[in-house]
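Please read the points below with the coordinates open.

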Amino acid sequence: MITVAIDGLFAPALEGGLPRDALDAVCDELRHAHRELMSRRDADVGFYDVPTQSEVLRAVHAEVTRLRSLADDLIVLGIGGSSMGGQAILAAFEPTLDRSFRVHFVDNVDPDTLGGLLERLEPPRTAVIAVTKSGETVETLAQLLILRRWLRVTLGQGEMRARMTFVTDPAKGLLHELAQQEGIRSFAIPANVGGRYSVLTPVGLLPAAFAGVDVDALLAGGAAMVERVTADELTDNPACTLAAGAVLAQQRLGRQALVYMPYSDALRHTGQWFVQLWAESLGKRQNRLGQEVRAGQIPIAAVGATDQHAQLQLFVDGPPVFAVLLLDVATGRAKLPVPDELSDRPEVGFLHGRDLAEVLAAERRATRAALLDAGTPVIDLRLERLDAATLGGLFVLLEAACACTGIVMGINPFDQPGVEVGKRMALGLLGKPGYEGERERLVAREAKTPGR
Ligand code: PA5
């Protein structure tokens, strides 16, 4: 169970906080946004329906059984939304996983990383999943060419194909075509699910299942959260509550930045995933009417208690632009009592017999109070415990809240036009036919900036 509370935006909890009736002012906008998203569910907004696709789950299990019979190491190629969700799932459960099946995410074109990995792995015991919805992302395609050759020179064409699985658009793109031509197994990312909303599709499920994560529970938790975030009654809908918090923090309290701060190492990597979701979905030059608005809310990843000794000073005393999403994992932590070492020393004597989870909880409560005292708004997310079902629910909650926030902001939370410009220029620079204009623009721009 996950709950969301936004009391930390209002007086008297928040120093200088909003009056309670400020919420009424955004309720109509939230209701409209929610209705719009629900009406688009059967059309271009597909992420709500991903967790209930049981035939996909069956196919994922079958494919993972096959891949595990061939390999102990799985390399996952992809970037952005085609990688970060899987990384977040695996990082959450890494300490509990059976390490006989290892997953390596390659989400960059840094030759030191990929080159080093290929030196360590053995082709006969390695499989590869290539994830690109568009089938056009140059970073992923460059990685793919390297992996194809690496497998083929040692094992031959047939074994190379057997060790490859694609996750891509169901109807178009290079990977879709290659899968057809070469008989490579391929999974679909539904056409109406964008990369950063795709964690509960085979994009995240295949690597998670290979590593041994309980993907059935992950999806069941996602499906249970879908029930809650599609509820029409706003007060029962945690995504609308979270969106209300984000919108009020920005529009009424001037909070241009939203810090995502779980008090949990397991959730550390969900911070990177959240940053991508919030940044790429909400950072838009134009609203949906084509007017220039320069919208967005700057997402920042932090971890409690670690970042109390790094970023918290800024959130408390720096410019008044931050709101903080504090995540608490309430139960289910490992038991680790602090022993009565140095029991005669007053500096540490008070810790004896306390569990480390109690220390972490005290740190969170103290930080929350310090933020509120300083006038920094807080949104509280409480996870009853951290298991696969709760993580599935957390993904759906944050996706739904992000979509709702974007619609209230008046922008399109499902596109990323700003990223496309840079992508095209890189293709021009690398010599892809048809991108000569982009190359010329880039060269002209660089001519104005000596010393690049
Ligand atoms: O969220 C998104 O849509 C992006 O981050 C994409 O996932 C990223 O650009 C990779 O795209 P593709 O899956 O087409 O390779």
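1. Basis. This is a predicted model, in which local features need pLDDT of at least 70, side-chain atom pairs count only at pLDDT 80 or more, and totals for chains, interfaces and linings use all residues. Residues are numbered from 1 along each chain as its sequence is written, and side-chain values use heavy atoms, with hydrogens and water left out.

2. Ligand shell. The ligand is surrounded by 14 residues, and the closest are Ser 82, Thr 132, Ser 134, Thr 137 and Gln 276; a residue is near a molecule if one of its heavy atoms lies within 4 Å of it. By class, the shell holds one nonpolar, nine polar and four charged residues. Here Ala, Val, Leu, Ile, Met, Phe, Trp, Tyr, Cys and Pro count as nonpolar, Asp, Glu, Lys and Arg as charged, and the others, Gly among them, as polar.

3. Polar contacts (pairs of N or O atoms within 3.5 Å). The side chain of Thr 137 places a polar atom 2.5 Å from a ligand oxygen. For Ser 82, a side-chain N or O atom is 2.6 Å from an oxygen atom of the ligand. Gly 81 takes part through its backbone, with an N or O atom 3.0 Å from a ligand oxygen. On its own the ligand has 380 Å² of accessible area, of which the protein covers 91%; the areas come from the Shrake-Rupley method with a 1.4 Å probe.

4. Where does the ligand sit? The ligand is in the largest pocket. A pocket is an open set of points on a 1 Å grid over the protein atoms alone, where a 1.4 Å probe fits, with protein on both sides within 12 Å along at least five of seven lines. A molecule sits in one if more than half of its atoms lie within 2 Å of its grid points.

5. Cis peptide bonds. Ala 11 and Pro 12 are joined by a cis peptide bond, with omega about 5 degrees. Pro 12 belongs to the loop between β1 (2-5) and α1 (22-39); helices (H or I, at least four residues) and strands (E, at least two) are DSSP runs, numbered from the N terminus. Another cis bond links Gly 304 to Ala 305, at an omega of about -5 degrees. Ala 305 is in the loop between β10 (298-301) and α12 (312-317).

6. Positive phi. Arg 294, not a glycine, has a positive phi of about 50 degrees. Arg 294 is part of strand β9 (residues 292-295) and is exposed (over 50% relative accessible area), at 56%. Leu 342, also not a glycine, has a positive phi of about 50 degrees. Leu 342 lies between β11 (322-329) and α13 (346-349), in the loop, and is exposed at 55%.

Methods
A polar contact is a pair of N or O atoms within 3.5 Å; within protein, one must be able to donate a hydrogen and the other to accept it, and residues adjacent in sequence count only if both atoms are side-chain atoms. On a 1 Å grid over the protein atoms alone, a cavity is a set of points where a 1.4 Å probe fits but cannot get out, and a pocket is an open set with protein on both sides within 12 Å along at least five of seven lines; lining residues have an atom within 4 Å of a point. Buried means under 20% relative accessible area, exposed over 50%, partly exposed in between (1.4 Å probe, protein chains only).
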